Amino acid sequence: MSAVGTPLEHCKALAQVLVAGDERGHFSHGLNRLEMYVHDINVGSTVVNGDPEIVKETSATAFVEGNNLLGPVVGNFCNDLAMKKAQETGIGWVACKGSNHYGIAGWYTIRAVEKGLIGMSFTNTSPLVVPTRARQSTLGTNPLSLAAPGKNGDSFVLDMATSAVALGKIEMADRKGVEIPHGWAVDSKGLETVNPEKVLSGGGQLPLGGTEITSGFKGYGLAMMVEVLCGILADAAFGPNVRKWKGDDRVANLGHCFVAVDPKAFSEGFEDRMQSLMDHCRNLQPAEGETAVLVAGDPERAHIQKVKEDGGIHYHVNLLEAMVCQYRCQFSKNILINEMLVLESCEL
């Protein structure tokens with residue numbers, strides 16, 4: 001990112017989010033996304049200089065103009081503002097426009113938990129999801145996250161797309177040359193497919209729940225809910241008006257929404273009750289063939305522990321080769337040295 005003119009502090013903000021995604025096991029939103037950020041800076045659809053600005057605010061709310069900066073730069077600004085307001089008034093609600101892809105939604109809600117707050121984070125995205133009964137992609141994967149503190153550093157961290165799966169997982173399947181599960185996506189005719197190439201070349205993703213018979217209309221409704229809180233509320237681009245995922249160098253103008261809540265503004269003992277519910281679920285007898293009952297955030301914690309035990313994050317060689325290929329096309333050979341070293345040391 002620095003090689004294409006991004007200021008150091010903005011580079012750091014992006015690097016932290018991408019590495020956190022991979023560390024938590026969300027490889028679809030880590031280094032897999034770096035090519036997109038570099039491309040947007042190169043073509044000028046994302047700017048590198050400036051700061052987000054508060055357009056309007058009250059004691060508990062704010063409306064922010066992101067000025068087309070990197071998504072994590074805008075996201076951190078808005079999330080910090082929401083948390084500050086929550087600490088002062090009990091709740092902070094910040095919506096913004098003029099932003100770009102901001103990484104994993106959970107990055108922001110985890111920051112709130114670290115301050116003893118309940119955090120919520122929402123963003124709209126490029127139209128990739130086909131509404132129930134349709135065949136044309138109209139809504140984004142529109143992720144949402146809610147995180148809440150338990151005791152002794154434990155927490156509930158829900159971080160999910162409102163589509164059946166994140167697009168990156170379909171991209172990773174395509175890179176690996178493997179099929180995707182049923183219920184993830186459709187082809188250009190709106191028919192369910194397990195071929196990732198058919199999805200990426202004119203098809204679309206299914207809402208959470210899959211087809212209508214398995215309640216995909218609920219995921220469709222959740223995607224619309226996120227759109228209301230982001231694109232509509234903040235006067236950002238919304239639905240089919242957001243630029244296409246690839247091959248479209250228009251300004252993205254994404255909308256985000258961040259909410260922080262101080263549980264102490266309500267009944268005392270929130271962390272105790274949160275911990276009690278999580279522990280009850282974890283202690284349930286597993287279904288036959290299963291080993292444990294988990295709550296949201298547990299798989300990510302397990303992956304973080306594995307990364308620590310491994311001494312680093314392991315990447316699939318196909319991803320690294322694709323990244324090096326992209327860099328070779330864009331930068332001089334001397335910038336490739338560290339990338340090649342990474343590739344040689346991380347082949348699986």
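Begin by selecting I91, W93 and L233, which together form a nonpolar patch on the surface with about 260 Å² of accessible area; a patch here is made of residues with over 30% relative accessible area and no salt bridge, with nonpolar side chains (Val, Leu, Ile, Met, Phe, Trp, Tyr) joined within 5 Å and like charges within 9 Å. Accessible areas come from the Shrake-Rupley method with a 1.4 Å probe, and for residues only the protein chains shown count as cover. I91 belongs to strand β3 (residues 91–99), and I91 is partly exposed at a relative accessible area of 35%, where buried means under 20%, exposed over 50%, and partly exposed in between (1.4 Å probe, protein chains only). Helices (H or I, at least four residues) and strands (E, at least two) are DSSP runs numbered from the N terminus.

This is a predicted model, in which local features need pLDDT of at least 70 and side-chain atom pairs count only at pLDDT 80 or more, while totals for chains, interfaces and linings use all residues. Residues are numbered from 1 along each chain as its sequence is written, and side-chain values use heavy atoms, with hydrogens and water left out.

Next, select the largest nonpolar core, which has 45 residues and in which M1, L34, Y37, C78 and V94 have the most contacts; such a core is a set of buried Ala, Val, Leu, Ile, Met, Phe, Trp, Tyr and Cys residues joined through side-chain atoms within 4.5 Å. Among the elements that give two or more residues to this core are α1 (8–23), α2 (34–43), β3 and β10, while α3 gives the most, with seven residues. Centre the view on C78 and, leaving aside its neighbours within four places in sequence, you will find C78 in contact (heavy atoms within 4.5 Å) with V64, V94, C96 and F258. Another core, of 14 residues, lies apart from the largest one and includes L229, F270, M274 and V295.

Now move to strand β4 (residues 118–123), where five of the six residues are buried, so the strand is largely enclosed by the rest of the structure. Six bridges join β4 to the antiparallel strand β10 (residues 254–261), and four bridges join β4 to β5 (residues 144–149), also in the antiparallel sense; two strands pair if DSSP finds at least two bridges between them.

From β10, step back to N253, in the loop between α7 (216–234) and β10. Although N253 and A237 are 16 residues apart in sequence, their C-alpha atoms are 5.6 Å apart in space. N253 is partly exposed, with a relative accessible area of 23%.

Finish with the salt bridges, each a side-chain nitrogen of Lys or Arg within 4 Å of a carboxyl oxygen of Asp or Glu, of which the count comes to 16. Select D272 and K151, whose side chains meet at 3.3 Å, N to O; D272 lies in helix α8 (residues 270–282) and K151 in the loop between β5 and β6 (155–160), so this pair ties together parts that are 121 residues apart in sequence. Then show R282 and D298, which meet at 2.8 Å, N to O, with R282 partly exposed at 21% and D298 buried at 13% relative accessibility.
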